Amino acid sequence: MANKRENLAVVEDDISERGHETVEGPRLVVALGRGKTGKSTFIRWAAERAMEHGSRPVIADGDRTNPTLTVHFTGVDRPPSAEDDDVKQWLNGLVDRQIEDRFSAFLDLGGGDLVLKTWARDLDLGPFLEGHGVTPVAVHFLSTDLDDLTYLRDIEAVAKFRPASTAIVLNEGTVPAGRAAASAFEPVINHEVFRSVVSRGARVVRMPRLACMQEIDRRRLSFQDAEDGAVKPGQDKIGPVNRQLISLWRREMERSFATVAPWIT
Amino acid sequence: MASDKDVLRAIDNAESLRARSTLATWMRKNHDGFLERLTERVADWGVLCGLFNDAGLTDRYGHPPKPETARKMWLRIRREVAADRARRVQRRQSPQSVQTTQPVTASRVAPPKEEPGGDVLRVMEEMSAKGNRITKPLE
C-alpha cells in the first residue's frame, strides 16, 4: 500500500511540475507498433495504474497470435475469432459501446496488425471518435530497429490515424546488449518519419528497461503484486533485489510518462 | 490509518464554506489548509467526497463529486494556484510586464506542447544520463 501511495505522489508532483491539462471524458488508447516493442507491457502497466487511480477501463485484446493481456487481466474483451471480418466487427462493436456507455479503453491489436490500418482508415477513426466525445490516443512503440518506422509511417499516412494525443515511446528494453540506449536510438530519432510525426506535435517518451521483467511475466503477476512479492500459490518467491528493481522501474515509468499521464489515466 | 476528523474539522471551520459553494471554489479558497492536511495524511478520495457531499460541495453541474473527479479537480486547482502565485511573483519583479490571465478549463485537448524536439532532447538526455560514462582517472 505504501508503494502505491508513493508512486501516486510521484506522478502528481510530476504533473504539477510539467503543467498540462486534464483530459476528461472517455478515451480510446491504441497501442501501435510491430511485435515485441512493448505494447502489451505498456497496457498492463497503464491499465493497472488507471485502476489504482479509481478508473475501470476496458481492456481490449485483439492480438491474434499472442494475447498477453488476456492472461494478466480478468474480463478482457476479445474478438470472437482471428478472422479479419470478425476482428473488424468486434472493433466496431467496441467503439459503438464506448460511445454509448462512455468508458475508456486500452486496445492492443498485436504487432503490426493490418486490420487496424484499414479499419482506422475506413472509419476516419480519429475525427469520428472526437465527434462522439471520445478522445483518441495513439501510442506508438519503437525499438532501435528502423523498420519499426514503417508501421508508424503507415498509421500516419495510410490509416490517417493522427490524433492530437499521439505519443511515441522509445523502448529501452529493446536496446541490444552492450549498446548505449542514446546511440542506439539515434538513427530512429533522426529519421524523417520520426521527425515529421514529432513536428506535428507528438510527444516522445522513454520506456525504461526492467531487467527482471521475465520474473513478472512468467508468474503472470500484476506489477504491484510483483513489487509486493505477492506471488500465487505454488510459485517461487520474488527476491528483495528484484522487488526493488520493480519498484524503481515503476517510479521511473511514472516520471517518463508524466507528460502523457492525462491521456492514459 | 489516518483519521478524517481533521478534514471534517477543517470543513466546519472554513469560513468560506457556503451551501452553494462548488467544490472547486472551496479547494481554491482553502488550498493551503487542504494541501497541508493531504501532505500529512493519505488522501482517501472516496471518504473525502462523502464529506464534500455532506458539506454541500458539488461539481460544476451541481452533482456530488466522484472520487476521480475530485482528485483531478484538486490537481487542476493546485496547478492553477501555483501558476497564479508564480505570476504574482513575476509581476512584483517586473511591474511593467503585461499580465494576462486565462481561465483554465478542463478540456479534451492534448497537453501544451513543448518546442518540436524538446521531448526528444529531454529523452535523449535521460538515456545518456543512465548510460555508462567513461570517467577520468583521479590525478
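Trainee: Which helices of chain A each supply at least two residues of the lining of the second largest pocket?
Mentor: In this predicted model, they are helix 2, helix 3 (68–72) and helix 10 (213–219) of chain A. Helix 2 of chain A gives the most, with 4 residues.

Trainee: What is the volume of the second largest pocket, and which residues are the closest to its centre?
Mentor: The volume is about 770 Å³. The lining counts 31 residues, and A:Lys36, A:Thr37, A:Gly38, A:Thr41 and A:Asp217 are the closest to the centre.

Trainee: What does helix 2 of chain A lie across?
Mentor: Helix 2 (residues 39–52) lies across strands 1, 2, 3, 4 (135–142) and 6 of chain A. Against strand 3 of chain A, helix 2 runs at about 170 degrees.

Trainee: Why are strand 2 and strand 6 of chain A said to stand at the edges?
Mentor: The 6 strands form an open sheet in the order 2-3-1-4-5-6, with parallel pairing. Strand 2 (58–61) and strand 6 (203–207) each have a single partner strand, so one side of each has no neighbour in the sheet. The twist averages 20 degrees from one strand to the next.

Trainee: How do you know that strand 2 and strand 3 of chain A pair?
Mentor: Pairing takes at least two bridges, and these strands have 4, in the parallel sense; therefore they count as a pair. A:Val58, for instance, stands opposite A:Ala105 in strand 3 of chain A.

Trainee: What makes strand 6 of chain A largely enclosed?
Mentor: The reason is burial: 5 of its 5 residues are buried, so the rest of the structure largely encloses strand 6 of chain A. Both faces are covered, with A:Arg203, A:Val205 and A:Met207 buried on one side and A:Val204 and A:Arg206 on the other.

Trainee: Why is A:Gln98 called buried?
Mentor: Its relative accessible area is 0%, and buried means under 20%, so A:Gln98 qualifies. A:Gln98 lies in helix 4 (residues 84–101) of chain A. Beyond its sequence neighbours, its contacts include A:Arg27, A:Leu28 and A:Val134.

Trainee: What makes the approach of A:Phe103 to A:Gln98 a polar contact?
Mentor: The backbone oxygen of A:Phe103 lies 2.9 Å from a polar side-chain atom of A:Gln98. The cut-off is 3.5 Å, so this pair is within the limit.

Trainee: And in chain B, how do you know whether B:His31 is buried or exposed?
Mentor: At 7% relative accessible area, B:His31 is under the 20% cut-off, so it is buried. B:His31 belongs to helix 3 (residues 31–40) of chain B, and it touches B:Trp74, B:Ile77, B:Arg78, B:Val81 and B:Arg85, leaving out residues up to four places away in sequence.

Technical notes: Residues are numbered from 1 along each chain as its sequence is written. Chains are lettered from A and ligands numbered from 1 in the order in which they are written. This is a predicted model: local features need pLDDT of at least 70, side-chain atom pairs count only at pLDDT 80 or more; totals for chains, interfaces and linings use all residues. Side-chain values use heavy atoms; hydrogens and water are left out. Buried means under 20% relative accessible area, exposed over 50%, partly exposed in between (1.4 Å probe, protein chains only). A polar contact is a pair of N or O atoms within 3.5 Å; within protein, one must be able to donate a hydrogen and the other to accept it, and residues adjacent in sequence count only if both atoms are side-chain atoms. Contact means heavy atoms within 4.5 Å. Axes are lines fitted to C-alpha atoms, for helices over the stretch in contact, and angles run from 0 to 180 degrees between N-to-C directions. On a 1 Å grid over the protein atoms alone, a cavity is a set of points where a 1.4 Å probe fits but cannot get out, and a pocket is an open set with protein on both sides within 12 Å along at least five of seven lines; lining residues have an atom within 4 Å of a point. Grid points are joined across faces, edges and corners, and a volume is the space filled by probe spheres set on the points.
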